[in-house]
Structures are given as C-alpha cells and as structure tokens.
Amino acid sequence: MYGRILAAAAGRPVLLNHVRAEPELGSPARGGLPATVARRTATGWTLTGRQRFATGVEGLDWLLVWATTDEPTPRVGTFAVPGASPGIEITHRWDHLGLRASGSHDIALHEVEIPAGNLVDIAAHGPGAEQDNRTAAALHLPLAALYLGVARAAQRYFHRFAHERIPANLGHPVARTERFRRAAGEIALRLDSAEQLVFRGAERVDAADETYTPELALGTRILADRHSVEAVGLAIRLLGNPGLSRDNPLERHFRDVQCAPVHAPQEDVALLAVGSRVLEGTR
C-alpha cells in the first residue's frame, strides 16, 4: 500500500494523516484499542466508527484509520482510506483555541468500503497492538519544528514591535531599553537551543544514525515545546495588553503555541518513556 502512495507522491504532493483518536478512547498515546470496526467484505473491508482530530481531513488524499476487525479472533490494523470515499462525514467542525487553520474536524465513518489491498498493517488484538509511543518518536521532530516555527514568528514580531514602539515618555524605541534587550536575549537563547536540538536530531534520523534513539527524539520534543511556549509567553508579557488583542499578530502565535503541550504524546507520557529507558540502562 505504501508503495502505491509513494509512487503517486513521485509525481505530485500526496497528503495523508493518521486518524487514531476516538471519543471514547481519547488519545491512543495513553493506551487502549480502537472502537472503530473493520468488517470483511467479498472484496475487502468496510470501516465504521467515529474519529476525533482528523487534521486536514477535507484535503487529505488518504486517511490511515486505526480499527479493530470483527473477526472471530479480533485483530487491530491500520487501513488506508481514500479521502474522497463515500461515507466519510464531518460531524463536528474544529473550533479550537489554537491552530484553527488545521481543520482538525471530528468525523464519522459509515461503512466506508476499501479494497483488501488497502490494509497497511495488522496485529493480534491485545496490549501488543496498542500504540507504541517509541516506535514513531522520530515523527515528533516535525511536530517540534512546527511549534518552533510558531515561536520564531512570534519572535520576529517581537523584534519589529521593539524597533517601532516609541513611547512618549521615552522618546526612542523600546528596543534600546535593558528590559527589552534582556527579554530578546532570553527568547533567542531558548529558540536557538531548541532549533539546534531539532535540526541535529533530524540530521541524525536522515543519516540513519542507530545511536539516535526514540527517547532522544522524545526528549527533543519536550525541550523544544517548553522553550517555544516560554519564549512566546515572555514576548506577550513584554507587550502587555496589546499583545492579547485580536488584531495583533502575536495573539495568534500565542494561541497556536498553546497546542504544543497538549499535542500527543503529552509530556508526562514522553517523560515516562525516557525515564523508563534510562533506568533500564542503569541496572
């Protein structure tokens, strides 16, 4: 299945996303198995269930849906569903504090039919089929980069504001004040260090460096997210009320970066994986 998707991507951009969060299950990063059901047909499968946070669903070429089979001995698998398939219904529109443009709508799958060849992977039903937060840890580097990009945009606006803002009682831009220079240094320190972690991690993943463990990628995500959130928060505090006004670009960056700590796997789950590996290595 991935071969077909990659072949198509050679000629044009192909958009796909995992669809794994369910109303009853919540985030699969915390364990549990899907309630979405895949039923056998004469030519393949039908999928029925509800999914949350299907980011970009209106423009996706493929949805990688996590589902449990209705076989006598159930299995759990990932099924590639064409984004334009009949039976995909948007049930609740994304109306979030941040990242509103992501279109992470809730959807329902109503007996959506796919051919047998669209089965991506499958495993026996049970704890071993639950989401492993370590196996896809390298995918968290792009997530860290996303929120780092938000923070960089906030930083650029902060610099612009500092150079353009000239209070009447000062008679010169606030960029000349110690308060703003100190804050600019703090923001730069946090974001530069986060960027080094993310870019260096990406280089090691691209080079197939086997010493770059999933725990290192998870740790990078934790630190980069922390630094991004703290940097934007500091910029907001320096601007004061104007920074929280809806007509101020910084307001949107502040909202968007709030998604970083709640984007699965959340920090406590990632820290558990990192700490477990560390303690296992010290026996």
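**Exercise 1.** Determine how the span of helix α4 (residues 214-239) compares with the expected span.

*Solution.* Helices and strands here are DSSP runs numbered from the N terminus (H or I, at least four residues, for helices; E, at least two, for strands). Helix α4 has 26 residues. The expected span is 1.5 Å times one less than the number of residues. From first C-alpha to last, α4 reaches 38 Å, close to the expected 38 Å. The residue that follows α4 is G240, with a positive phi near 75 degrees.

The model is predicted: local features need pLDDT of at least 70, side-chain atom pairs count only at pLDDT 80 or more, and totals for chains, interfaces and linings use all residues. Residues are numbered from 1 along each chain as its sequence is written, and side-chain values use heavy atoms, without hydrogens and water.

**Exercise 2.** Identify the strands that pair with β4, and the sense of each pairing.

*Solution.* Two strands pair if DSSP finds at least two bridges between them.
- Strand β1 (residues 16-19) runs parallel to β4 over four bridges; H18 is partnered by L64 of β4.
- Strand β2 (residues 37-40) is also parallel to β4, with two bridges; A38 is partnered by T69 of β4.
- Strand β5 (residues 75-82) is antiparallel to β4 over seven bridges; T68 is partnered by V76 of β5. A hairpin of five residues connects β4 to β5.

**Exercise 3.** Explain why strand β4 (residues 62-69) is described as largely enclosed.

*Solution.* Buried means under 20% relative accessible area (1.4 Å probe, protein chains only). In a regular strand, side chains alternate between the two faces of the sheet. In β4, W62, L64, W66 and T68 point one way, L63, V65, A67 and T69 the other, and all are buried. Because eight of the eight residues are buried, β4 is largely enclosed by the rest of the structure.

Key. Buried < 20%, exposed > 50% of the residue type's maximum accessible area, 1.4 Å probe, protein only.
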